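Visitor: I'd like a walk through this structure, one feature at a time. Can you give me the idea first and then the case at hand?

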Amino acid sequence: MIIIGEKINGAIPSVAKAIAAKDEDLIRKLAKDQSEAGAAFIDVCASVENSIELETIKWLIDLVQEVTDTPIAIDSPNVHICAEAIKFCNKPGLINSVSLEGDKIEVIFPLIADTKWECVALLCDDTGIPQDSEKRLEVFAGIMKKAKEYNIDPSRLHIDPLVQMLCTSEDGINTVVEVIKEIKTQYPEIHVTGGASNISFNLPVRKLVNQAFLVLAINAGMDSAIIDPLNRDMMGMLYATEALLGQDEYCMEYIGAYREDKFGQKK
C-alpha cells in the first residue's frame with residue numbers, strides 16, 4: 001500500500017494553530033513521525049486564504065524537507081499553486097490533484113509530462129461529482145485520454161474514485177467498489193487512492209467505519225490511500241488485510257511492520 005501521510009493539513013485544528021503561530025517544531029515532528037511510520041509521501045496542505053497559500057506551502061515544504069527525504073505530496077484545490085510549489089521540492093513527488101474540472105489537467109499534465117512526478121486525479125468534471133459508476137468511468141476515460149496525449153504512464157497516476165460520506169450514500173460504497181474494480185481491470189498498473197476518513201464524516205466511532213472501508217477498498221483494488229500512518233489500529237488493519245488477500249508473501253510485511261512497532265500495543 002502506498003501511504004500518503006495526511007497529518008500536515010491546515011484543515012486539522014492543531015495544524016492550523018501551528019501554521020498561524022509558525023510552530024516549526026510541530027511541523028517537523030509530524031513530518032518525521034509520518035516518514036518513520038512508513039509514509040511514501042508526506043501530504044502538505046496549507047488550507048489558508050489564497051493570498052498567503054503559496055508562501056505557507058513553501059514554509060511547510062521547507063520544514064518537511066529539513067527532517068526527511070520522503071517525497072512531498074503538494075495538496076491544494078488550486079492547480080496553479082501546485083504548479084508553483086513544484087519548484088520548492090527537492091525531488092519529484094505527488095500532485096494532489098487534478099480532474100476534468102476547468103483547466104486543471106491542462107495546467108499540470110504538460111508540466112509533469114517529462115518528469116517523474118506522480119499525480120492524483122479525481123473522477124469529477126465541470127458538472128460536479130457523478131453519482132453513478134458509469135458516469136465516473138466516463139470521466140476516468142477522459143482523464144486517461146489526456147494522460148495518453150501528454151505521454152503520462154498510467155503507473156504515475158493515482159485515481160481517486162471520490163469517497164463520499166456513508167451517511168448520505170444510497171448504496172454504501174458499492175459505486176466506489178465497482179469503479180475501483182473496473183479501473184484496475186482496464187489498467188492494472190494504475191494506482192487507486194482516496195481519503196479513508198471521508199467515508200465516516202458525521203458518524204460516531206469514526207475509526208471503525210474508516211477501518212472497515214479500508215478493508216473493502218483494498219479488496220476491490222485500492223493500493224494507495226491518504227491516511228494517518230500514526231494511527232496504529234489503521235496500520236495494523238492495512239497490513240493484516242494485505243496478508244489475508246495474498247499480497248504479502250508468507251506474511252513477511254505484516255511480521256516486519258509489527259517488529260518495527262508500527263501497530264499493536266506500543267512497545
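Guide: Let's begin with what pairing means: two strands count as paired if DSSP finds at least two bridges between them. Keep in mind that this is a predicted model.

Visitor: In what order do the eight strands of the open sheet come?

Guide: The order is β7-β6-β5-β4-β3-β2-β1-β8, and the pairing is parallel.

Visitor: How many bridges join β3 to β4?

Guide: Three bridges hold β3 (residues 72–75) to β4, and the two strands run parallel. Look for I74, which stands opposite I95 in β4.

Visitor: Which strands does helix α3 touch?

Guide: Helix α3 (residues 50–67) packs on the sheet and touches β1, β2 and β3. The direction of α3 makes about 155° with that of β2.

Visitor: Now a helix pair. At what angle do α1 and α2 pack?

Guide: Helix α1 (residues 13–21) and helix α2 (residues 24–36) pack at about 135°, and their axes are 8 Å apart. Angles over 145 degrees would count as roughly antiparallel, and 65 to 115 as roughly perpendicular. The α1 and α2 pair is therefore oblique.

Visitor: Which residues meet there?

Guide: From α1 come S14, V15 and A18, and from α2 come L26, I27 and L30. That contact has five nonpolar residues, one polar and no charged.

Visitor: Which residues lie nearest the centre of the largest pocket?

Guide: Of the 27 residues that line the largest pocket, those nearest its centre are N9, D75, N96, N198 and I226. Strands β1 (2–9), β2 (41–45), β4 (94–100) and β5 (118–125) each give at least two residues to that lining. By type, the lining splits into eleven nonpolar, ten polar and six charged.

Visitor: What is the volume of the second largest pocket?

Guide: The second largest pocket comes to about 280 Å³. It is lined by 15 residues, with Q131, Q164, S169, E170 and D171 closest to its centre. Six nonpolar, six polar and three charged residues make up the lining of the second largest pocket.

Definitions and conventions. Residues numbered from 1 in each chain as written. Predicted model: local features only at pLDDT ≥ 70, side-chain atom pairs only at ≥ 80, totals over all residues. Heavy atoms only, no water. Axes fitted to C-alpha atoms, helices over the stretch in contact; angles between N-to-C directions. Helix = DSSP H or I, 4+ residues; strand = E, 2+ residues; numbered from the N terminus. Parallel < 35°, antiparallel > 145°, perpendicular 65-115°, else oblique. Contact = heavy atoms within 4.5 Å. Nonpolar A, V, L, I, M, F, W, Y, C, P; charged D, E, K, R; others polar. 1 Å grid on protein atoms, 1.4 Å probe; cavity = no way out; pocket = protein on both sides within 12 Å on 5 of 7 lines; lining within 4 Å. Points joined across faces, edges and corners; volume = space filled by probe spheres on them.
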